[in-house]
Amino acid sequence: MNPQFPAFKKIITHPIRFAFFKLVKLPAAFIAGLKVGYIDEAKTVILVKHGWINQNPFKSMYFAVQAMAAEMSTGLFPVGQTYKRSPSVSMLVVGLEAKFVKKATGLIAFTCTDGLMVAETIEDAIQSKEGKTIVCKSIGTNANGEVVAEFNITWSFKSK
């Protein structure tokens with residue numbers, strides 16, 4: 001576990017700091033309206049509300065916005081686990097698999113509970129000095145708790 005994770009969490013859960021982070025580093029996420037609903041070392045929830053700016057012609061959320069939210073729900077773990085880390089660790093999405101189950105309308109929550117596995121994989125990459133990969137699952141649900149999409153995102157980590 002990265003001892004700097006609590007400091008990262010404090011930044012990422014501050015609405016103004018997170019908005020600035022998105023504006024500078026992830027402008028598409030800023031425009032689409034992604035928000036952190038919850039984060040700890042094991043679980044993240046990213047919220048995004050269907051609206052005019054992120055819709056498709058079929059009056060539901062554009063698939064790329066869903067992918068962005070799913071990726072962020074899995075990606076906050078590695079960012080938090082590598083925050084101010086020495087040695088530094090490079091990370092990259094190397095695969096994405098998606099299944100769309102139902103129209104995404106209203107408020108959608110993308111949840112990932114693979115944080116502890118991510119931390120272990122990053123530690124293993126640092127100790128072995130070899131590249132490591134992990135597949136993280138993100139489930140998108142609507143306000144009724146119905147699954148609207150499932151994503152499997154493959155991350156690669158390598159100690160620098």
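Reader: What does R85 touch, not counting residues up to four places away in sequence?

Author: R85 touches N2, I122, E123 and I126 on that count. Contact means heavy atoms within 4.5 Å. The model is predicted: local features need pLDDT of at least 70, side-chain atom pairs count only at pLDDT 80 or more, and totals for chains, interfaces and linings use all residues. Numbering starts from 1 along each chain as its sequence is written, and side-chain values use heavy atoms, leaving out hydrogens and water.

Reader: Why does R85 count as buried?

Author: Its relative accessibility is 16%. Buried means under 20% relative accessible area, exposed over 50%, and partly exposed in between (1.4 Å probe, protein chains only). The value is under the 20% limit, so R85 is buried. R85 sits in the loop between α4 and β3 (89-100). Helices (H or I, at least four residues) and strands (E, at least two) are DSSP runs, numbered from the N terminus.

Reader: Why is K102 called partly exposed?

Author: K102 has a relative accessible area of 40%. K102 and S60 are 42 residues apart in sequence, yet 9.5 Å apart in space, C-alpha to C-alpha.

Reader: What makes K160 exposed?

Author: A relative accessible area of 66%. This is over 50%, so K160 is exposed. K160 lies in the segment after β6 (147-159). Beyond its neighbours within four places in sequence, K160 is in contact with P87, S88 and S90.

Reader: What makes α4 oblique to α5?

Author: Helix α4 (residues 63-82) and helix α5 (residues 115-128) pack at about 45 degrees, with axes 9 Å apart. Under 35 degrees is roughly parallel, over 145 roughly antiparallel, 65 to 115 roughly perpendicular, and the rest oblique. The angle falls in the rest, so α4 is oblique to α5. Axes are lines fitted to C-alpha atoms, for helices over the stretch in contact, and angles run from 0 to 180 degrees between N-to-C directions.

Reader: Which residues in α4 and α5 meet?

Author: F77, P78, Q81 and T82 in α4 meet G115, V118, A119 and I122 in α5. By class, this contact has 5 nonpolar, 3 polar and no charged residues. Ala, Val, Leu, Ile, Met, Phe, Trp, Tyr, Cys and Pro count as nonpolar, Asp, Glu, Lys and Arg as charged, and the others, Gly among them, as polar.
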